[in-house]
Amino acid sequence: MTWLVTGGAGYIGAHVVREMLGQGLRVVAVDDLSTGVAGRVRPAPLVVGSVLDRALLDRTIAEHDVTGVVHIAAKKQVGESVEDPLTYYRENISGLVTLLEACRSAGVDRFVFSSSAATYGLPDVDLVDEDTPGVPLSPYGETKLVGEWVMRDCAAAFGLRYMALRYFNVAGTASPELADPGVFNLIPLVFRELDAGARPKVFGNDYPTPDGTCIRDYVHVADIAAAHLAAARALDDGAGSATYNIGRGEGSSVLEVLEVIGQVTGRDVTPQVVGRRPGDPARVVAAVSRIRDGLGFSATRDLHDMVATAWAGWRAARDRPPLSGG
Ligand code: WQD
């Protein structure tokens, strides 16, 4: 009875590993360390390798008595996926298919999949529920939606039981050493500007929102990890397949996020407004009743908690060398 967590050495994966270990589950991580850090999975065992390596997956599943998989390993940068779609289809789709083949042949039928609000594209609704049609705007979002279709078809064909978890805007950290090392999203990008003595950028303030800036549903990575645990436990208890949003159901504008960053850091966050970023929807906020009713899960951490923990992690990374591998 072991859960295999792919991408377990990454930002989100390491939080999931820690949450599962903390709740007494047995875990083995597989990670190719392309962006992950080996030390983050401890004390769980780490198998270094790719989800494209079928033999490695077969061996890991057999040696660790794996009965369920949380599949988080994936490429996740929207812009990069536009430049290099084949890498995204290989890593995110071929990787998923290889993993599902290994699961099928070993009789592993429990599968939690890291999906994304990027599957929705430009939703024209106040709250996006799981039945909102998916029209992704990037190869990245397409790979997540196609991944859901692959699992749906496997469920129909040979009894895979899956939970597709559509993350909204993940932020924060449960402890400084697990912080997101990437500087791709709003909060770390603002931290970087502040450290450089520059003014944070706001990508457009002429959206049809109350303050003119884009609204997103920011959700703490510790809540994301708790949702994975709830999904894994439900599958262990015999639950059938489902697709769930993971958000807070509350929107925050870019200016509201900046205000919280100002409170937490004590810095002047007066922004410079630059042009809109192509492809940015004005508002993406999750409907969260399905996961509340289906898994009994609700996010509990607020935006201040996300920003405060992200800032602590940012400063810790700045002040010490990165965690070494091994
Ligand atoms: C948030 C808001 C920007 C930087 C992306 C992916 C999504 C998911 C999460 C993976 C937007 C604005 C940003 C800045 C700004 N990824 N912004 N100034 O685009 O909502 O979602 O990451 O699963 O699929 O699309 O997140 O953090 O880039 O931007 O004004 O310097 O902040 O325009 O409105 P996004 P983000």
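How far does a polar side-chain atom of Asp280 lie from an oxygen atom of the ligand? The distance is 2.6 Å. This value, like the others here, comes from a predicted model.

**The ligand and its surroundings**

- The ligand is surrounded by 18 residues, and the closest are Tyr140, Leu186, Arg216, Arg277 and Asp280.
- The ligand taken alone exposes 690 Å², of which the protein buries 86%.
- Helix H6 (186-195) and strand S8 (201-203) each contribute at least two residues to the shell around the ligand.
- Strand S8 gives the largest share of that shell, with 3 residues.
- Sorted by class, the shell holds 11 nonpolar, 3 polar and 4 charged residues.

**The sheet of 7 strands**

- In general, the strands of a sheet pair through backbone hydrogen bonds, and the pairing is either parallel or antiparallel.
- Here 7 strands make an open sheet with parallel pairing, in the order S3-S2-S1-S4-S5-S6-S11.
- Strand S3 (46-48) and strand S11 (242-246) are at the edges; each has a single partner strand, so one side of each has no neighbour in the sheet.
- From one strand to the next, the twist averages 20°.
- Strand S2 (residues 26-31) runs parallel to S3, and 3 bridges join the two.
- Val30 has Val47 in S3 as its bridge partner.
- Helix H5 (residues 139-158) packs on this sheet, where it touches strand S5 (110-116), strand S6 (161-167) and S11.
- The direction of helix H5 makes about 155° with that of S5.

**The sheet of 3 strands**

- A further open sheet has 3 strands in the order S12-S9-S14, and its pairing is mixed.
- Its edge strands are strand S12 (252-253) and strand S14 (283-284), each of which pairs on one side only.
- Strand S9 (residues 215-216) is joined to S14 by 2 bridges, and these two strands run parallel.
- Ile215 stands opposite Arg283, which belongs to S14.
- Arg216, listed among the residues closest to the ligand, falls within S9 (residues 215-216).

**The loop between S2 and S3**

- Pro43 is placed in the loop between S2 and S3.
- The peptide bond that joins Arg42 and Pro43 is cis, with omega at about 5°.
- Leu33 is also found in the loop between S2 and S3.
- The phi of Leu33 is positive, about 60°, although Leu33 is not a glycine.

- His64 is located in the loop between helix H2 (54-63) and strand S4 (66-71).
- His64 and Val27 are 37 residues apart along the chain, and their C-alpha atoms are separated by 8.7 Å.
- Which residues does His64 contact, leaving aside its neighbours within four places in sequence? They are Thr2, Arg26, Val28, Pro45 and Val47.
- Val47, one of these contacts, is the bridge partner of Val30.

How values were computed: Residues are numbered from 1 along each chain as its sequence is written. This is a predicted model: local features need pLDDT of at least 70, side-chain atom pairs count only at pLDDT 80 or more; totals for chains, interfaces and linings use all residues. Side-chain values use heavy atoms; hydrogens and water are left out. Two strands pair if DSSP finds at least two bridges between them. Helices (H or I, at least four residues) and strands (E, at least two) are DSSP runs, numbered from the N terminus. Axes are lines fitted to C-alpha atoms, for helices over the stretch in contact, and angles run from 0 to 180 degrees between N-to-C directions. Contact means heavy atoms within 4.5 Å. A residue is near a molecule or strand if one of its heavy atoms lies within 4 Å of it. A polar contact is a pair of N or O atoms within 3.5 Å; within protein, one must be able to donate a hydrogen and the other to accept it, and residues adjacent in sequence count only if both atoms are side-chain atoms. Accessible areas come from the Shrake-Rupley method with a 1.4 Å probe; for residues, only the protein chains shown count as cover. Ala, Val, Leu, Ile, Met, Phe, Trp, Tyr, Cys and Pro count as nonpolar, Asp, Glu, Lys and Arg as charged, and the others, Gly among them, as polar.
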